[in-house]
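I want to go through it topic by topic and jot down what I look up.

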Amino acid sequence: MKNILSKLKKEEFQQDLIGWFQKEQRILPWRENSDPYRVWVSEVMLQQTRVDTVIPYFLNFMEKFPNPAALANADEEQVMKAWEGLGYYSRVRNLQAAVREVHESYDGVVPADPDKFGELKGVGPYTKGAVMSIAYNIPEPAVDGNVMRVMSRILLIEEDIAKPKTRKLFDTAIREVIAKDNPSDFNQALMELGALICTPTSPSCLLCPVREHCQAFEQGKQNVLPVKSKKKKQKSLLLGAAVLTDSEGNFWIHKRPSEGLLANLWEFPNCETVSETMTQKAELELFLNKAYGALTELTPIEGIIQHVFSHLIWNITLFTGKVERADAGAGLVKVTEEEMRAYAFPVSHQKIYQLFLDKEKN
């Protein structure tokens, strides 16, 4: 570690970085104050999600659940609906479970002890470091992809950032260089620098406030760092989905299992279609009959909906059909169009519904 940090003038680096942040930081709703609950919610939302996308979700979420007690006591369906469209839904389920523990065990006050906070469900090293430093000014490292990219260039770290052991290297490095007197601004400044200046491609080195400290810039390596091995190719699946209605215009929807991908979200009935001897339409009709006791003649809707996950690609063909009765114990629920608006659907099934509406208009 001493070799990595030997060329870095820590105090000057801290001053240049923090000074830039205090002048140039973006005005964001979660920066209005350092309330630990607000910081926590924002950091969970910002994982894997762009700032511009998060802002309206954050404002809506804080309006509905302004404090730990409100979120702890909220119905899960309401919470999932407020998160609808943000993706990575395990984040919000874990957040609510952790906030309930804060409400019950810590009188609704987010613990200012890194060890206690880190024991809460879903709180990993990054979230712990971000909340502890930003809300409580505790010098804990907050290492995410942005920070690893910035520091790999500053310190010329050429290890693969996709490997867990490399993350520990960055964690140790940040503990050494973090401004002990102002860890809140230091960590936020690293995040801001990664978002605005030290970007993944074409970093704006001429605008960088810490360019003089950057070993990658000095050696012309800023465009080849960080080193990151490629992920495995995503698996592609073909699915058939059905928007089923009855003669009164009600819809049949289904709740996904409580574990696994998109857990506890609602969806239109669907299945993976794999048969080499049946048409996709026939295979989906057979599935609907076997799984839900729903007999229907399906009509295809032109167009395929593609939804990309980090490890998976769904290619969904859409059908419509009329169903008057289904097996009540099989998991299908009949709702009115107005009632359906209260249920949280994944983005892929929001697109399915929109395609259905577009077809109905034509």
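This is a predicted model: local features need pLDDT of at least 70, side-chain atom pairs count only at pLDDT 80 or more; totals for chains, interfaces and linings use all residues.

What follows are my entries, starting with the overall picture and ending with the backbone.

**Entry 1: overall**

I looked up the secondary structure and got 16 helices and seven strands in the chain. The C-alpha atoms fill a box of roughly 75 × 50 × 35 Å along the principal axes. Of the 362 residues in the chain, 49% are buried.

**Entry 2: cysteines**

How many disulfides does a search of the whole structure find? The search comes back with zero. I checked cysteine 198, and its nearest cysteine sulfur belongs to cysteine 208, 6.3 Å away. A disulfide would need the two sulfur atoms within 2.5 Å. Cysteine 198 itself is buried, at 10% relative accessible area.

**Entry 3: salt bridges**

I ran the salt-bridge count next, and it comes to 13. I wrote up a few of them.

Glutamate 84 pairs with lysine 81, with N to O at 2.9 Å. Buried or exposed, I asked of glutamate 84? It counts as buried, at 15% relative accessibility. Lysine 81 is partly exposed, at 26%.

Next I took arginine 175 and glutamate 140, whose closest N and O atoms are 3.4 Å apart. Why does this pair tie together separate parts of the chain? Arginine 175 sits in helix α11 (residues 164-177), while glutamate 140 is in the loop between α9 (125-136) and α10 (145-155), so the bridge joins parts 35 residues apart in sequence. On accessibility, arginine 175 is partly exposed at 37%, whereas glutamate 140 is buried at 12%.

I also looked at glutamate 158 with lysine 221, again a salt bridge, with the closest N and O atoms 3.4 Å apart. Glutamate 158 is in the loop between α10 and α11, and lysine 221 is in the loop between α13 (215-219) and β1 (235-245), so this pair ties together parts that are 63 residues apart in sequence. Glutamate 158 is partly exposed, at 43% relative accessibility. Lysine 221 is also partly exposed, with 26% relative accessible area.

Which residues are linked in a network of salt bridges? I noted Arg26, Arg31 and Glu192.

**Entry 4: negative patch**

I turned to surface charge and found a negative patch formed by Glu11, Glu12, Asp16, Asp181 and Glu212.

Leucine 8 is in the loop between α1 (2-5) and α2. I have it down as buried, at 9% relative accessible area.

**Entry 5: another distance**

Aspartate 171 counts as partly exposed, at 22% relative accessibility.

**Entry 6: backbone**

Where is there a cis peptide bond? I found one joining leucine 225 and proline 226, with omega about 0°. Proline 226 lies in the loop between α13 and β1.

Last, I checked for positive phi away from glycine. Leucine 262 has a phi of about 55°, and its place is the loop between β2 (251-255) and β3 (266-267). Asparagine 264 has a positive phi of about 70° and is also in the loop between β2 and β3. I looked up burial for both: leucine 262 is buried at 12% relative accessible area, and asparagine 264 is buried at 13%.

Note on methods. Residues are numbered from 1 along each chain as its sequence is written. Side-chain values use heavy atoms; hydrogens and water are left out. Buried means under 20% relative accessible area, exposed over 50%, partly exposed in between (1.4 Å probe, protein chains only). Patches are made of residues with over 30% relative accessible area and no salt bridge: like charges are joined within 9 Å, nonpolar side chains (Val, Leu, Ile, Met, Phe, Trp, Tyr) within 5 Å. Accessible areas come from the Shrake-Rupley method with a 1.4 Å probe; for residues, only the protein chains shown count as cover. A salt bridge is a side-chain nitrogen of Lys or Arg within 4 Å of a carboxyl oxygen of Asp or Glu. Lys and Arg count as positive and Asp and Glu as negative; His and the chain ends are not counted. The place of a charge is taken as NZ of Lys, CZ of Arg, CG of Asp or CD of Glu. Helices (H or I, at least four residues) and strands (E, at least two) are DSSP runs, numbered from the N terminus.
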